[in-house]
Amino acid sequence: MSRFSRIYLEITNVCNLRCSFCPGTTRQPRFLSVSEFETLAARLRGYTEYLYFHLMGEPLLHPDLPLLLERAGALGFRVNLTTNAVLLDGRMGETLCAAPALHRVNLSLQAWEANPTTVALSDYVNQCAAFARSGSAAGKLVSLRLWNGGGAETRNAEILSLLRAAFPEPWQSAQRNTVLAHHVFLETAEQFDWPEPEAPESGAAFCLGLRNHLGVLCDGTVVPCCLDSEGRLALGNLFDAPLAEILDSSRARAMYEGFSRREPVEALCKHCGYAARF
């Protein structure tokens, strides 16, 4: 039985944007080769059904993305992909829709306001809506995200107006999101503070890291969650050791047991604004 509901596998840490709400990374720019991807993905088999092509970086920048999707499917994974959608033109959309392994695509619409000179807002939203329609028709789930409450949200009203034109109301509420059309969702959330050692303690007492998910950076470093952008909580390297050995390391066990007691043991976890939600 799979242990994790998802595992984040960073196929690149390079991004085409610089968003104010994202810390980015000072790590060496890197793209996983196809053979490296196959090695890492093979070592994750049995631990999850879902690979998320995300942590840092923009996955649509990867020149071998179609091959990585193909290899993931051959290994039995379903893929979720998160993108700022700037590169999501018709040709890229066709590539994604044609990938059998691709299960869900998350479009981070809040990226536009952090980079408003990249493309006109109407063109950007309409491009996202066009992909959402074609993705839905291809059986993919498409999430349009506005995770910027309390942050860069001054153009949200315009974005919502453009979405209403593309997906006429009535919309339906469903748990944490809004259904705009079949397999097309709008997700709204508050902007969160990324964990930073210099930030004030957030009051975090619990986290789902190492419980329902973990991350693997593009150099093979295993981290406990998708917010460790610099690999500060490195647990081991999947190129060098099997995941079972890494998860049994003293640091991994201490983190897991600490959160079980509601007592985070790592300084970074104590300063995580997202973990404070739990």
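**Entry 1: Cys218.** I looked up Cys218 in this predicted model and found it in the loop that joins strand 9 (213–216) to strand 10 (221–223).

I next listed the contacts of Cys218, setting aside residues up to four places away in sequence. Cys218 touches Glu10, Ile11, Thr12 and Asn13, and also Arg27, Arg30 and Leu32. For Glu10 I noted the separation as well: 208 residues in sequence, but 5.1 Å in space from C-alpha to C-alpha.

**Entry 2: Asn156.** I located Asn156 in helix 6, which covers residues 156–166. With a relative accessible area of 13%, Asn156 is buried. Leaving out neighbours within four places in sequence, I recorded Leu146 and Asn148 as the contacts of Asn156.

**Entry 3: helix 1 and helix 2.** I examined how helix 1 (residues 34–44) packs with helix 2 (residues 65–74). Their axes lie 10 Å apart, at an angle of about 25 degrees. Angles under 35 degrees count as roughly parallel, so I described helix 1 as roughly parallel to helix 2. I noted the crossing of the two helices as right-handed.

Which residues make the contact? From helix 1 I listed Val34, Phe37 and Glu38, and from helix 2 Leu67, Leu68, Arg71 and Ala72. Sorted by class, the contact of helix 1 with helix 2 has five nonpolar residues, two charged residues and no polar residues.

Key:
Residues are numbered from 1 along each chain as its sequence is written. This is a predicted model: local features need pLDDT of at least 70, side-chain atom pairs count only at pLDDT 80 or more; totals for chains, interfaces and linings use all residues. Side-chain values use heavy atoms; hydrogens and water are left out. Helices (H or I, at least four residues) and strands (E, at least two) are DSSP runs, numbered from the N terminus. Contact means heavy atoms within 4.5 Å. Buried means under 20% relative accessible area, exposed over 50%, partly exposed in between (1.4 Å probe, protein chains only). Axes are lines fitted to C-alpha atoms, for helices over the stretch in contact, and angles run from 0 to 180 degrees between N-to-C directions. Angles under 35 degrees count as roughly parallel, over 145 as roughly antiparallel, 65 to 115 as roughly perpendicular and the rest as oblique. A crossing is left-handed if the near helix is turned anticlockwise from the far one by less than a right angle, and right-handed if clockwise. Ala, Val, Leu, Ile, Met, Phe, Trp, Tyr, Cys and Pro count as nonpolar, Asp, Glu, Lys and Arg as charged, and the others, Gly among them, as polar.
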